Amino acid sequence: MRVYQTNEIKNIALVGSAGSGKTTLAESMLFGSGVIKRRGTVEAKNTVSDYFPVEQEYGYSVFPTVFHVEWNNKKLNIIDCPGADDFVSGAITALNVTDQAVILINGQYGPEVGTQNNFRYTEKLKKPVIFLVNQLDSDKCDFDSIISSMKDIYGDKCIQVQYPVQTGPGFNALIDVLVMKKYSWDATGGMPKIEDIPAEEMDKALALHKALVEAAAENDEQLMEKFFESESLTEDELREGIRKGLVTRSIFPVFCVCAGKDMGVRRLMEFLGNVVPFVSEMPKLHNTRGEEIEADSKQPTSIYFFKTGLEPHIGEVSYFKVMSGSVKAGDDLTNADRGSKERIGQLYACAGANRIPVDQLNAGDIGCTVKLKDVKTGNTLNTKDCDNRFDFIKYPNSKYARAIKAVNSQETEKLMAALLKMHQEDPTWVVEQSKELRQTIVHGQGEFHLRTLKWRLENNEKLQVKFGEPKVPYRETITKSAHAEYRHKKQSGGAGQFGEVHLIIEPYAEGMPDPTTYKLNGQEVKMNMKGREEISLEWGGKLVFINSVVGGAIDARFMPAILKGIMDCMEHGPLTGSYARDVRVIVYDGKMHPVDSNELSFMLAARRAFSDAFKEAGPKILEPIYDLEVYVPDDFMGDVMSDLQGRRALIMGMDSEAGYQKLMAKIPLKELANYSISLSSLTGGRASFTTKFASYELVPNEIQQELIKTHEEELAKEEE
């Protein structure tokens, strides 16, 4: 395989809803370009994409598959992305390292919620978009209706380049209004027969050709002038106008294909090779210092690792993009993130599970290597005198979580090692060892996502695991002031233990003035502040600790022990054992013994005094509240709203967005536990949602009593 220069390389992401036919299209592209000799099928489990056992078991894509085709002296690096929303990390990764999105639309259903999600990602990343209507041979395909829906959603930027002569099982021909030709196929697909447009299609073709010419001309002043003069453009001028429109996202060309019958695929690749922008024509990326990095093979070498695959008999396969310079087999590079040295032993061009050895890859190219010592997803390797780092891929927040543990507790360490490896493959599998909840929690994008993780642990790693519902990280606080005193006294021969602490607690809010007087037992007591410590708690909120002890009632050397006892109660709240927050404590009096007082005595006295005061200070439990956005088709809106209201959600508003309704709400985390399953069931998988932590709010009183009762029962069991 020859070495391609930066201006001969194009990077393309295939994205779209589950079932839109991306894997089948990838097979036809590989077959048409000669990379493979026979087209596989998803049903036969022999495709270049979807080669992992879990993908073949379930019949859907889990990981993005990187492959390349050589076409018209150009190298097209293509990433076939999973369509299910649960595996969104693949699409986000691919869109960040490629320069062109091809969004497949299922000809049976038209734009789906997955189409919308992928389009939003391209919008955020400012990536060019080509729409590709697939499965034109389906009985349910209504091409004119699909185009109408697309124009409603995406506006007049959707410009048809092709349309089918007919849809359904008889589909075998399309009209291309860029080259103004008819393409037709026999039953086996493959190479098309190219003919003049029939007379009965000419009026429609001319109208669409004119619309395409106008859209292309709008992207270049010279083309616009020529269009005004002659009302036409040459094929090359059309291509130039479309290319510029793609870069600025002012045109979204619409193509047709029947990937399953290999019809229209070669014409698509011809357009990709001739028209879509090169790496060098796209906006430059920035390193973590904000400096522009030019995709130029003459610059110092930096390669960014965007994906790690774990393959049987090979181990880690590390996929990278050459950000600048060029990389050769045998190069010695430095890991900018970890400080370690790495030698690139072998370089490969990617073709799914197959890898083609190459000697060199230049700026803008995508490749992979194996057997690196210390490289993780997101790392950058640099040549000498270069210090680039990249951190441009941002993943969405998790939507679904489960507590996980090994059935055999002796395999806990092995389980953690496997989970960390799998996080490298898919960064949206997030592993959390929660000290607060005393659980190992795995976070993902949905029930489907975590079910796949469990399958891989049990089948690939031979680890039997159990899922459970994660505990909710409640918080405890108080709503009014209270005071308490406690004497800790213990005598057991020799030196004893003695410490007495009098304290006041009250709710704390940012900016509150320091206390001056309090009423205690009907009498006003003046506070003389001797010391003040404000502690920002790692779990949120604050503890303000004030020493107002006068007359030497408690020696200053015991104050750290008193604070330690209070902090212990803040970490194990008196109501449910949850973290406490936003409390001000004033220690105003106490007693000590010249012989028996020590740090332990005052720590224990403070802990008991704080606990007693807390229970008298209008204690409340707080629960985490999340902002929720649900994207749902109109016809499911009522069901989704009813379900949310049953989950204690507060509807904040509704908005119409690109053919779907966007429902905004605030919802307790407890009620989100199985929401992804419920939403999928209610809408047949046609809705999606995002969540983001918003705040902690008071739980309703009946739920608080239930939580306290449950905690007391758990403590009683532990004592037994």
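Modeller: Start with Glu 458 and Lys 454, whose side chains meet in a salt bridge at 3.0 Å, N to O. Keep in mind that the model is predicted.

Colleague: What separates Glu 458 and Lys 454 in helix 11?

Modeller: About one helical turn, because they are four residues apart in helix 11.

Colleague: Why is Lys 454 called partly exposed?

Modeller: Its relative accessibility is 23%. Buried requires under 20%, and exposed requires over 50%. Lys 454 therefore counts as partly exposed.

Colleague: What makes Glu 425 and Arg 456 a salt bridge?

Modeller: The closest N and O atoms are 2.7 Å apart. The cut-off is within 4 Å, so the pair qualifies. The pair links distant parts of the chain: Glu 425 is in helix 10 and Arg 456 in helix 11, 31 residues apart. Both Glu 425 and Arg 456 are buried.

Colleague: How do you know that Thr 65 is buried?

Modeller: Thr 65 has 4% relative accessibility. Buried means under 20%, so Thr 65 counts as buried. Thr 65 lies in strand 2, and its contacts include Val 48, Tyr 51, Ile 78 and Gly 352.

Colleague: Why is helix 14 called roughly antiparallel to helix 15?

Modeller: They pack at an angle of about 150°, with axes 10 Å apart. Angles over 145 degrees count as roughly antiparallel, so helix 14 is roughly antiparallel to helix 15. Helix 14 passes helix 15 in a right-handed crossing. By class, this contact has five nonpolar, two polar and two charged residues.

Conventions:
Residues are numbered from 1 along each chain as its sequence is written. This is a predicted model: local features need pLDDT of at least 70, side-chain atom pairs count only at pLDDT 80 or more; totals for chains, interfaces and linings use all residues. Side-chain values use heavy atoms; hydrogens and water are left out. Axes are lines fitted to C-alpha atoms, for helices over the stretch in contact, and angles run from 0 to 180 degrees between N-to-C directions. Helices (H or I, at least four residues) and strands (E, at least two) are DSSP runs, numbered from the N terminus. Angles under 35 degrees count as roughly parallel, over 145 as roughly antiparallel, 65 to 115 as roughly perpendicular and the rest as oblique. A crossing is left-handed if the near helix is turned anticlockwise from the far one by less than a right angle, and right-handed if clockwise. Ala, Val, Leu, Ile, Met, Phe, Trp, Tyr, Cys and Pro count as nonpolar, Asp, Glu, Lys and Arg as charged, and the others, Gly among them, as polar. Buried means under 20% relative accessible area, exposed over 50%, partly exposed in between (1.4 Å probe, protein chains only). Contact means heavy atoms within 4.5 Å. Lists of a residue's contacts leave out its neighbours within four places in sequence.
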